[in-house]
Amino acid sequence: MDRIPILKFGNALLVTIQVDMHDRLATALEEDLTSKIVEHNAKGVLIDISALEIVDSFIGRMLDNIAAVSRILDADTVVVGMRPAVAITLVELGLSLTGVKTALNVERGMELIKARLRTSDTDEEDDVEE
Amino acid sequence: MKSERLDIRSSDDVVRVRQLTRTLAIEAGLSLVDQTKIITAASELARNTLDYGGGGVLLAELVEALGRRGVRLTFEDHGPGISDVEAALKDGFTSGKGMGLGLGGARRLSNEFSIQSKPGEGTKVAIARWK
Ligand SMILES: Nc1ncnc2c1ncn2[C@@H]1O[C@H](COP(=O)(O)OP(=O)(O)OP(=O)(O)O)[C@@H](O)[C@H]1O
Ligand SMILES: [Mg+2]
């Protein structure tokens, strides 16, 4: 069975969804990500969906699940690159993706994750200016 | 005009439904947002046909009326049917582990929506999106 590659990117993981995902692939991705978060002690998960032409309730649920599991494992999930037409459609579909952070692109998404890491470091450090 | 039938028996067929819908939506001249809406609705209905209807068939048509083009999709299965259609259409209603968004969402994403279902006989859902 083919799988979606997961790349390590600093202390974050990067997944680029390039194909029109069938259901088994989506389920495999959830499982793979969970074990990689633990294996690499990742603090963030970036999911690039810029290639996805639609997000339906199945994919939406997958994104929500990934975010929920990541949170338990102390990692942030950021969905990046959602197409405007997809965002409009999601609202009408009724999918709010409340548990998922979003960013315009991978760079911005990475900044979000780093920003959270910095704030969680403030407990130990006195100086947090940026 | 043009019409095509597609069996829905596996999750790969759900992917095929999306592809066929996209092809017709482009041919009908739908805008990118409208293409996205009808493909998303098609994906929801195809998955319902597969998961709850035990599989079925899609009739996908390129249609024209009053000088406007559009796409009409009719999903039909001979599964268990839906006993309370009104309830099933409500957001949040699911008999499975879904979010209960598919039917209501497909209705919102379409210009036309109709559903016929009889317990023990099956379910037929038709949607259309016009340019
Ligand atoms: N073709 C069908 N045959 C039998 N029952 C159906 C069919 N389509 C929908 N239903 C019933 O209607 C309910 C609501 O469907 P809907 O698509 O709105 O939500 P869902 O599939 O449960 O969740 P989601 O689509 O959000 O993943 C389903 O849970 C199921 O009980
Ligand atoms: Mg559904």
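Helices (H or I, at least four residues) and strands (E, at least two) are DSSP runs, numbered from the N terminus. I note that this is a predicted model: local features need pLDDT of at least 70, side-chain atom pairs count only at pLDDT 80 or more, and totals for chains, interfaces and linings use all residues. Residues are numbered from 1 along each chain as its sequence is written, chains are lettered from A and ligands numbered from 1 in the order in which they are written, and side-chain values use heavy atoms, with hydrogens and water left out.

**Entry: confidence**

I began with pLDDT, the predictor's confidence in each residue, from 0 to 100. Chain A has a mean of 88, with 92% of its residues at 70 or more. Chain B averages 96, and 100% of its residues score at least 70. For the complex, the predictor gives an ipTM of 0.92 and a pTM of 0.92.

Where in chain A is confidence lowest, and where highest? Helix α4 (residues 106–121) is lowest, at a mean of 87, and β3(A) is highest, at 96. I also checked residues 124–130 of chain A, where pLDDT stays under 50. The model has two contacts (heavy atoms within 4.5 Å) for them beyond four places in sequence.

**Entry: helix α1 of chain A**

Next I looked up α1(A), residues 23–40. The expected span is 1.5 Å times one less than the number of residues. For these 18 residues that gives 26 Å, and the end C-alpha atoms are 26 Å apart, which agrees.

I then listed its buried residues (under 20% relative accessible area; exposed is over 50%, partly exposed in between; 1.4 Å probe, protein chains only). They are Asp23(A), Leu25(A), Ala26(A), Ala28(A), Leu29(A), Asp32(A), Leu33(A) and Ile37(A). An α-helix has 3.6 residues a turn, so residues three or four places apart point the same way.

What covers the buried residues of α1(A)? From chain A, the cover includes β1 (6–9), β2 (12–16), β3 (44–48) and α2 (57–72). From chain B, it includes α1 (11–27) and α2 (32–51).

**Entry: positive phi in chain A**

Just after α1(A), Asn41(A) takes a positive phi of about 50 degrees. Asp74(A) has one of about 65 degrees, although it is not a glycine. Asp74(A) sits in the loop between α2 and β4 (76–80) of chain A. Asp74(A) counts as partly exposed because its relative accessibility is 39%.

Leu97(A), also not a glycine, has a positive phi near 50 degrees. I found Leu97(A) in the loop between α3 (84–93) and β5 (101–103) of chain A. Is Leu97(A) buried or exposed? Leu97(A) has a relative accessible area of 9%, so it is buried.

**Entry: Val106(A)**

Val106(A) belongs to helix α4 of chain A. At 16% relative accessible area, Val106(A) is buried. Neighbours within four places aside, Val106(A) is in contact with Phe9(A), Leu14(A), Leu46(A), Asp48(A) and Val80(A).

**Entry: ligand 1**

Ligand 1 lies between chains A and B. I counted 20 residues around it (a heavy atom within 4 Å); Asn48(B), Tyr52(B), Thr94(B), Ser95(B) and Leu101(B) come nearest.

I looked up its polar contacts (pairs of N or O atoms within 3.5 Å). A polar side-chain atom of Thr94(B) lies 2.5 Å from an oxygen atom of ligand 1. For Tyr52(B), a polar side-chain atom lies 2.8 Å from a ligand oxygen atom. Gly100(B) places a backbone N or O atom 2.9 Å from an oxygen atom of ligand 1. The protein covers 93% of the 600 Å² of accessible area (Shrake-Rupley method, 1.4 Å probe) that ligand 1 has on its own.

Key:
Polar contact = N/O pair within 3.5 Å; in protein donor to acceptor, adjacent residues only side chain to side chain.
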